[in-house]
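Please keep the sequence and the model in view while reading.

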Amino acid sequence: MTRKYVIYRRVSTASQGESGLGLEAQDRDIALFLDNYSDTPFEVLGTFTDLLSGKNDARPELQKAITLARSEGAELLVAKLDRLSRKVSFIAALMDDKALKIRVASMPHADNFQLHIYAALAEQERDFISKRTRAALQEAKARGVKLGGLRDTTMKRNEAARQAADAAAQRVAQIILPMRDSGSTLAQIADALNAAKITTPRGRSWAPMTVSNALKRLTA
């Protein structure tokens, strides 16, 4: 019996979609899943892509993907769980749909219970980070720090730093992405970069955290 899939991809901004960086990363993860974890033979019935935030549940391409998956008895395949939504309630509602099965390429063996727990923990972490940021801003304001209104020079400097970091991530992409996909830890990837005499954008040695930051830039 042929396994059927409907692929759904999402990037948050049009610029990510145009650059292909976010979509390429999702395509790579989905291809790895199909080549290594899917039953064979399989058939991809369609691929749908939204250029919208994960906070927005009204995504037309996602609805088309869900409708096709339901009608054909196919599995809805995404690269990562947050491509479906950043809301645990939305993900839980999809999982409660008996006519729909969800598969996550980066978590190939996870069942619905594990995916639900992962979504809940991710939402809890985002909520904590948001509260921590607001608290830090309130403390800064209480100390008399002026918030907002970045000067043009500061904005240009920040943009230049962002572009440099993006370029640096692309420079090591051919090393860190295959190692990540083969199961290497962040520490092992950092050791490999340091052994190759490749430095970070600031000219320093690589550490697990800087590897993690580079991977986030490549897969955002």
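At what angle do the axes of helix H7 and helix H9 cross, and within what distance do they come?

## Crossing of H7 and H9

In this predicted model, the axes of helix H7 (residues 173-181) and helix H9 (residues 208-219) cross at roughly 95 degrees and come within 11 Å. Because angles of 65 to 115 degrees count as roughly perpendicular, H7 is described as roughly perpendicular to H9. The contact between these helices involves Ala173, Ile176, Leu177 and Arg180 on the H7 side, which meet Ala214, Leu215, Leu218 and Thr219 of H9.

## Overall architecture

The chain contains nine helices and four strands, and from the N terminus on its elements follow the order β-α-α-β-α-β-α-β-α-α-α-α-α. Of its 220 residues, 35% are buried. Among contacts between residues at least 6 apart in sequence, 69% join residues that are at least 24 apart.

## The enclosed helix H4

Helix H4 (residues 88-95) is largely enclosed by the rest of the structure, because six of its eight residues are buried. The buried residues are Val88, Phe90, Ile91, Ala92, Leu94 and Met95, and they pack against helix H3 (60-72), strand E4 (101-104) and helix H5.

Pro41 is placed in the loop between helix H2 (21-36) and strand E2 (42-51), and the peptide bond that joins Thr40 to Pro41 is cis, with omega at about -5 degrees. In general, most peptide bonds are trans.

Although Pro41 and Met1 are 40 residues apart along the chain, their C-alpha atoms are separated by 7.4 Å. When residues up to four places away in sequence are not counted, Pro41 touches Met1, Thr2 and Arg3.

## The surface and a nonpolar patch

The chain exposes about 13,300 Å², of which carbon and sulfur atoms supply 54%. On this surface, Phe113, Ile117 and Leu121 make a nonpolar patch of about 330 Å². Phe113 lies in helix H5 (residues 112-142), and it counts as exposed because its relative accessibility is 62%.

Notes
Residues are numbered from 1 along each chain as its sequence is written. This is a predicted model: local features need pLDDT of at least 70, side-chain atom pairs count only at pLDDT 80 or more; totals for chains, interfaces and linings use all residues. Side-chain values use heavy atoms; hydrogens and water are left out. Patches are made of residues with over 30% relative accessible area and no salt bridge: like charges are joined within 9 Å, nonpolar side chains (Val, Leu, Ile, Met, Phe, Trp, Tyr) within 5 Å. Accessible areas come from the Shrake-Rupley method with a 1.4 Å probe; for residues, only the protein chains shown count as cover. A salt bridge is a side-chain nitrogen of Lys or Arg within 4 Å of a carboxyl oxygen of Asp or Glu. Helices (H or I, at least four residues) and strands (E, at least two) are DSSP runs, numbered from the N terminus. Buried means under 20% relative accessible area, exposed over 50%, partly exposed in between (1.4 Å probe, protein chains only). Axes are lines fitted to C-alpha atoms, for helices over the stretch in contact, and angles run from 0 to 180 degrees between N-to-C directions. Angles under 35 degrees count as roughly parallel, over 145 as roughly antiparallel, 65 to 115 as roughly perpendicular and the rest as oblique. Contact means heavy atoms within 4.5 Å.
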